[in-house]
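Hi,

Here is the structure I promised to pass on.

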Amino acid sequence: MADDPGGVKAQEAANKKADKKYTIGGNVYTVDQETTNQLVLDEAAAAQTRINMKLAADEDKSLKTYFTTEEKGMAQTQSALKREEYGTIGQQDRLKEGVIGLERRKALETEGAETRETATTVGAQTRLTEAEKGAQERATQREGLTESGAQQRQTQAERYKGERGLEQTRGAEARALTAATGREARQTQAERYTGERGLVGEGGRQQRETQAERYAGERGLAKTTAAEGRQTQAEKYAGERGLVGAGGREARQTQAERYAGERGLVGAGGREQRQTQAEKYSGERGLVREGGSETRKTRQTEGEQARSLERTRGSETRRTDLQRESFRRYKENRDYSQARSGSRV
């Protein structure tokens, strides 16, 4: 028994061979010693496991309490930092909005001043243009009226001059005709009286010779004298009628030409005035349309720029908020990881 001092191995072998009986639920079970030892070991392991789980639970509880306390402190610190950060951000935003509002008010004031100055300049230039246009139109009308009046007066003067010349010529011709008629009549009368006296003398001398020849000669002379007088009177009236007819035709032609010239002058003046008025109103309407178009384009550009500014501002604000939220999550994850690493150590 040198290899088994104290007989331990022999006792273990005897124990292994010994059978034990266990009653479980009214049933009797025979279990050998090896199985019994295994059951005991299992019970000891289970008891140790329960003790370890309880210790682990206590440790987890303590650790969770520690973590909770740390997280509460960290959350309070982060809340304080967040409040300070949000206060700073709000203050900076308020300062920025104040500066933006101030700059916008200054820009609006400058824009209003420039707009008013532009409107004043445009109004002054428009008034000067309208004054110059009115002066030019009045000068044109005045020159037109002056020229028209001068031409009308010249035409009237020429007409009256022509009429006076015609009347003078007519009077001179009538007087010359009357003088010539008188002279011819006196000469004829003188020659008649001379002839009559000669005839009477001859008649007296011839009367005695033959009474019949004297009466025959007197009848022939009377017939000849009447025929000559009638022919002279007819030629006189025919000349006067021709002269008066020619004078009337010339006067009527002169008057017709005068009225035709006046009507043509008035018609040309009316046409030019209507064309000038049409061009004036057309130019004014074009100016108003161009001004309205430019104003609408300016307002459209201002609206587009304002909308683009708002879009850019919104985009930048969203990017800033997103970056701020990403940084906040990064800090929370970093702080939580550091806390877990410190608790594990």
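**Aromatic pairs and the overall fold**

Phenylalanine 67 counts as buried, because its relative accessibility is 15% and the cut-off for buried is under 20%. Before you read too much into that, keep in mind that this is a predicted model.

What does phenylalanine 67 pair with? Its ring partner is tyrosine 66: the ring centres are 6.0 Å apart and the planes sit at 50 degrees, so the pair is tilted. That label follows because planes under 30 degrees apart would be stacked and those over 60 edge-to-face, with the rest called tilted. Tyrosine 66 itself is partly exposed, at 43% relative accessibility, whereas phenylalanine 67 is buried.

There is another tilted pair, made by phenylalanine 327 and tyrosine 330. Here the centres are 6.4 Å apart, with 35 degrees between the planes. Both residues belong to helix α3, which covers residues 211–344. They are 3 residues apart, about one turn of the helix. How accessible is each of them? Phenylalanine 327 has a relative accessible area of 45% and tyrosine 330 comes in at 49%, so both fall into the partly exposed class, which ends where exposed begins, over 50%. In total, the count of aromatic pairs is 2.

Now for the whole chain. The protein has 3 helices and 2 strands, and from the N terminus the order is α-β-β-α-α. How much of the protein is buried? Buried residues make up 8% of its 345 residues. The accessible surface comes to about 27,600 Å², and carbon and sulfur atoms account for 55% of that. On the contact side, take the contacts with a separation of 6 or more: 57% of them join residues 24 or more positions apart.

Is lysine 82 buried or exposed? It is buried, because its relative accessibility is 15% and the limit is under 20%. Leaving out neighbours within four places in sequence, lysine 82 is in contact with Gly87 and Arg328.

If you open the model, the two tilted pairs, Tyr66 with Phe67 and Phe327 with Tyr330, are what I would click on, along with Lys82 and its contacts Gly87 and Arg328.

Cheers

Notes
Residues are numbered from 1 along each chain as its sequence is written. This is a predicted model: local features need pLDDT of at least 70, side-chain atom pairs count only at pLDDT 80 or more; totals for chains, interfaces and linings use all residues. Side-chain values use heavy atoms; hydrogens and water are left out. Rings of Phe, Tyr and Trp (its six-membered ring) pair if their centres lie within 6.5 Å; planes under 30 degrees apart count as stacked, over 60 as edge-to-face and the rest as tilted. Buried means under 20% relative accessible area, exposed over 50%, partly exposed in between (1.4 Å probe, protein chains only). Helices (H or I, at least four residues) and strands (E, at least two) are DSSP runs, numbered from the N terminus. Contact means heavy atoms within 4.5 Å. Accessible areas come from the Shrake-Rupley method with a 1.4 Å probe; for residues, only the protein chains shown count as cover.
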